[in-house]
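Please open the structure in your viewer and keep the selection tool at hand. The tour below moves from one selection to the next and says what is found at each stop.

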Amino acid sequence: MNDRLLWLCLETSTTVSPILPKTRPLGEKKALGILNLVLPENVPAALEAGIVSRWLSKYPFPCALSEPSRRQDVVILMKTWWSDDTLMSSIFSTLSSHSDGTKQLRKYGLMGSMIEENDQDDDDSDIWMVDGDDTAGSGRVPGRRLRERSAEEQAVRRRRREAMVLSDGGRPLGHDDIIQLPISE
């Protein structure tokens, strides 16, 4: 296909956005609208058909293509920049509010992870970390025994996870906006 014909088949956006691609095939907006209507009642079927694994994991989100990649921030960016691409943001909202959808979004790297998501021995596992892989982590150390923690031990663990997020609001949050406090015990 020559370049002129290819250009005629694409809708071009002038919006600078971390979630809206510069070009989108004509008709994709209509397809997104239809998907947005049928998805809420059919999330399991859509997941099985590969909506995340075969389509969204390969979708050209600008944040995923940039250096450094913010691929695992796609879900949070959809919530922050929703007005740039309302249909895609709505689709992500539907998927991320479904437990299996959330699992697939994390599995295929489009969503950050929760601190200690798999750690059943701590009651404050509801903190969502974006780009937190090298900070708090959620994996278990092999052979580690589960044990009850005292209130004091839990308080120390919480202090270790504290961080400040500073931003002027002019752009999406990133690594440079997170300041981790020194640990003092």
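**A tour of selected sites**

Begin by selecting D100 and K103, which form a salt bridge whose closest N and O atoms are 4.0 Å apart; bear in mind throughout that the model is predicted. Both residues belong to helix α8 (residues 99-107), and because they are three residues apart there, about one helical turn separates them. D100 is partly exposed, at 36% relative accessibility, while K103, at 55%, counts as exposed.

R24 meets E28 at 3.0 Å, N to O, and the side chains of R24 and D85 meet at 2.6 Å, N to O. The latter pair links distant parts of the chain, since R24 lies in strand β2 (residues 23-25) and D85 in the loop between α6 and α7 (86-96), 61 residues apart. R24 is buried, with a relative accessible area of 7%, and E28 is buried as well, at 15%.

Then move to I34, L37 and V38, which make a nonpolar surface patch of about 320 Å². Of these, V38 lies in helix α2 (residues 28-38) and is partly exposed, with a relative accessible area of 43%.

Finally, select P68, in the loop between α5 (62-65) and α6 (74-80), where the peptide bond from E67 to P68 is cis, with omega near -5°. P68 is also among the residues nearest the centre of the second largest pocket, together with S69, R70, G174 and H175. That pocket holds about 240 Å³ of space, and its lining has four nonpolar, four polar and seven charged residues.

Key
Residues numbered from 1 in each chain as written. Predicted model: local features only at pLDDT ≥ 70, side-chain atom pairs only at ≥ 80, totals over all residues. Heavy atoms only, no water. 1 Å grid on protein atoms, 1.4 Å probe; cavity = no way out; pocket = protein on both sides within 12 Å on 5 of 7 lines; lining within 4 Å. Points joined across faces, edges and corners; volume = space filled by probe spheres on them. Nonpolar A, V, L, I, M, F, W, Y, C, P; charged D, E, K, R; others polar. Patch = residues over 30% accessible without salt bridge, like charges linked within 9 Å, V, L, I, M, F, W, Y side chains within 5 Å. Areas by Shrake-Rupley, 256 points an atom, 1.4 Å probe, with all protein chains shown as cover. Helix = DSSP H or I, 4+ residues; strand = E, 2+ residues; numbered from the N terminus. Buried < 20%, exposed > 50% of the residue type's maximum accessible area, 1.4 Å probe, protein only.
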